[in-house]
Amino acid sequence: MIIDAHYHLAAREWYSEGWWQTVNGMYINGMRNLGIEMPPEMVMETMIPALWDPEGEALINDMETNGIDKTVLLPMDFWLMYGEPEVSLEGQLKAFSDLQSKHPDKIIAYATVDARRPNAADFLVHAIKEWGLKGLNLYPQTGFFMNDAVTYKVLEKAYELGLPVTCHTGQFGAVPLRAKYGDPIHLDDVTQEFPNMIITAGHMAFGWHEQLFYTAGLRYNIMTDISAWQDVAHANYLKFCKVLRHALDRLGPHRVLFGTDNPYVSALMSTRAYADIIRDLPQKAPEGITFTEAEVNAILGENAARILSLS
Ligand SMILES: [Zn+2]
């Protein structure tokens with residue numbers, strides 16, 4: 001079973017122009033690292049529109065073609081950073097909910113809300129009860145700490161509702177996102193305040209992955225996902241294997257989830273190709289680093305299924 005626990009369904013009108021400029025900047029920088037120079041206008045006109053899939057048709061087609069069993073959709077709320085988009089947050093969440101209703105065997109859709117919005121906690125309750133969303137995604141790099149009092153108001157509701165929470169962690173380097181808010185150290189407070197809440201530290205806190213592994217070691221409700229590590233797996237397989245082995249050793253194999261951050265990383269590596277890298281670890285890992293079939297199965301799907309109460 002393969003579950004992508006970190007996917008961002010995207011449509012132009014769900015996010016303001018500023019977000020697409022941010023993605024544009026990330027792509028230009030990422031390709032420069034691969035030795036490819038592309039004019040910004042070309043990226044904006046070709047690569048960015050390729051991400052848009054408001055009805056989820058491309059996603060479902062990719063899942064069916066490539067044997068991806070389930071995908072967790074993580075919406076994003078960028079209103080304070082970029083301004084209100086053409087389609088409101090309600091509109092985005094409703095689209096997620098509609099896709100989940102259409103494909104209940106394939107799609108698990110989360111809610112999101114910037115904790116600083118007026119009535120954010122009530123909005124979350126509404127999103128869960130009215131639209132049947134199954135978890136909460138938070139994006140602190142837009143300007144709040146996970147252990148802020150304002151964030152706790154939203155987390156308290158998530159806790160009452162028994163929701164799994166995904167929190168974007170790590171240093172993306174993207175302007176104008178603020179890296180400091182993504183430091184996984186802030187999850188230390190949260191996990192002790194909400195001891196039974198399952199919190200997944202997205203992106204394995206890149207830049208701070210060591211900090212995450214040591215912080216989360218004895219915080220048994222912290223999970224992590226390996227989304228957006230495809231560039232490392234592609235360019236430095238030895239490093240990827242070492243980091244993943246360390247994650248499994250510090251957290252235990254039951255706390256590491258497969259995820260992609262697609263469609264944003266699809267141009268570099270498809271979801272299936274990344275899953276295959278994980279699937280092949282027991283046979284292909286460099287000498288001296290070992291992975292078991294049981295660990296692979298846990299990462300690829302069993303852990304997410306357990307967190308999402310699918311098994
Ligand atoms: Zn993400």
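Asn24 counts as buried, at 5% relative accessibility; here buried means under 20% relative accessible area, exposed means over 50%, and partly exposed lies in between, with a 1.4 Å probe and protein chains only. Welcome to a predicted model, in which local features need pLDDT of at least 70, side-chain atom pairs count only at pLDDT 80 or more, and totals for chains, interfaces and linings use all residues. Residues are numbered from 1 along each chain as its sequence is written, and side-chain values use heavy atoms, with hydrogens and water left out.

Let us stay with Asn24 for a moment. You will find Asn24 in helix H1, residues 17-33. Helices (H or I, at least four residues) and strands (E, at least two) are DSSP runs, numbered from the N terminus. Leaving aside residues up to four places away in sequence, Asn24 touches Pro40, Val43, Met44 and Ile48, where contact means heavy atoms within 4.5 Å.

Now turn to the metal. The zinc ion has protein donors from His6 (NE2), His8 (NE2), His168 (NE2) and Asp261 (OD), which lie 2.1 to 2.3 Å from the ion. Donors are N, O and S atoms within 2.8 Å of the metal (3.2 Å for Na, K and Ca), and because water is not among the atoms, sites may look incomplete. Along the chain, the spacing of these donor residues is H-x1-H-x159-H-x92-D. Both His6 and His8 are buried.

Why is the arrangement around the zinc ion irregular? The four donor atoms subtend angles of 85 to 175 degrees, and that makes it so. Four donors count as tetrahedral if all angles lie between 85 and 135 degrees; four count as square planar and six as octahedral if opposite donors are over 155 degrees apart and all others between 65 and 115; anything else is irregular.

Asp261 lies in the loop between S9 and H12 and is buried, with a relative accessible area of 11%. Although not a glycine, Asp261 has a positive phi of about 70 degrees. Most residues other than glycine have a negative phi, and most peptide bonds are trans. The loop between strand S9 (256-257) and H12 also holds Pro263, and the peptide bond from Asn262 to Pro263 is cis, with omega near 15 degrees.

Asn119 has a positive phi, near 60 degrees, and belongs to the loop between strand S4 (111-112) and helix H6 (120-131). With a relative accessible area of 58%, Asn119 is exposed.

Finally, follow the chain to a pair of helices. The axes of helix H12 (residues 271-279) and helix H14 (residues 293-307) come within 9 Å and cross at roughly 155 degrees. H12 is therefore roughly antiparallel to H14. Axes are lines fitted to C-alpha atoms, for helices over the stretch in contact, and angles run from 0 to 180 degrees between N-to-C directions. Angles under 35 degrees count as roughly parallel, over 145 as roughly antiparallel, 65 to 115 as roughly perpendicular and the rest as oblique. On the H12 side, Ala275, Ile278 and Arg279 make the contact, and on the H14 side Val296, Asn297, Ile299 and Leu300 do.
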